[in-house]
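Hi,

Here is the structure I promised to pass on. Have a look at it first, and then read my notes below.

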Amino acid sequence: MTDGHTIANNLGMSIGASRAAITNGWFDISQQIGVSGHSLSSRVVVVAGASGTGAFRYGLKNAQFVVAINNDPYAEIFRYADVGIVGDLYDILPKLRDKIQSE
């Protein structure tokens, strides 16, 4: 998941992760978002690749604006995201990074 870390660092963002990402060894347990992890109260949260189960959603309850990226158009995350982008996070995140950096 090095690409995710690079993109977050380039944008001045922090990294958080779902339980599934932690279980797969992609992130450290200290980065877990949700009922058994951290709760975010950021102005903008970009959720990339997480399905958005109820436990994960709990960690986003105080976020002001949620952008969701998922290749499954029926992912639960889209129910409560302010903006939803259907597609592959590995295609979309670099484009998002480039757009933000160009402005």
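Is Asn 70 buried or exposed? Asn 70 is buried, because its relative accessible area is 7%, and buried means under 20% relative accessible area, exposed over 50% and partly exposed in between (1.4 Å probe, protein chains only).

Before you read on, two notes on the source. This is a predicted model, so local features need pLDDT of at least 70 and side-chain atom pairs count only at pLDDT 80 or more, while totals for chains, interfaces and linings use all residues. Residues are numbered from 1 along each chain as its sequence is written, and side-chain values use heavy atoms, with hydrogens and water left out.

Back to Asn 70, which is found in strand β2. Helices (H or I, at least four residues) and strands (E, at least two) are DSSP runs, numbered from the N terminus. Leaving out residues up to four places away in sequence, Asn 70 touches Gly 49, Ala 50, Ser 51, Ala 75, Ile 77, Phe 78, Ile 85, Val 86 and Gly 87; a contact here means heavy atoms within 4.5 Å. Its side chain also reaches the backbone oxygen of Ala 50 at 3.1 Å and the backbone nitrogen of Asp 72 at 2.8 Å. These are polar contacts (a pair of N or O atoms within 3.5 Å; within protein, one must be able to donate a hydrogen and the other to accept it, and residues adjacent in sequence count only if both atoms are side-chain atoms).

Now the strands. Five of the six residues of β2 are buried, so β2 is largely enclosed by the rest of the structure. β2 runs parallel to β1, with five bridges joining them, and parallel to β3 (residues 83–86), with four bridges. Two strands pair if DSSP finds at least two bridges between them. On the β3 side, Ile 69 stands opposite Ile 85. β1 itself has a covered face, Val 45 and Val 47, and an uncovered one, Val 44, Val 46 and Ala 48.

Which residues touch the most other members of the largest nonpolar core? They are Val 45, Val 47, Phe 56, Leu 60, Val 66, Ile 77 and Tyr 80, out of 13 residues in that core. β1 (44–48), β2 (65–70) and α4 (77–80) each supply at least two residues of this core. A nonpolar core is a set of buried Ala, Val, Leu, Ile, Met, Phe, Trp, Tyr and Cys residues joined through side-chain atoms within 4.5 Å. Val 47 touches Phe 56, Leu 60, Val 66, Val 67, Ala 68, Ile 69 and Ile 77, again not counting residues up to four places away in sequence.

Next, have a look at helix α5. In α5, Leu 89, Ile 92, Leu 93 and Arg 97 are buried. Seen down the helix axis, the buried residues fall within an arc of 135°, so they line one face of α5; the arc is that of the directions from the helix axis to the C-beta atoms. On the other side, Lys 95 and Ser 102 are exposed. At the start of α5, a side-chain oxygen of Asp 88 reaches to within 2.7 Å of the backbone nitrogen of Tyr 90.

One last stop is Gln 32, in the loop between α2 (19–23) and β1. Gln 32 is buried, with a relative accessible area of 4%.

Cheers
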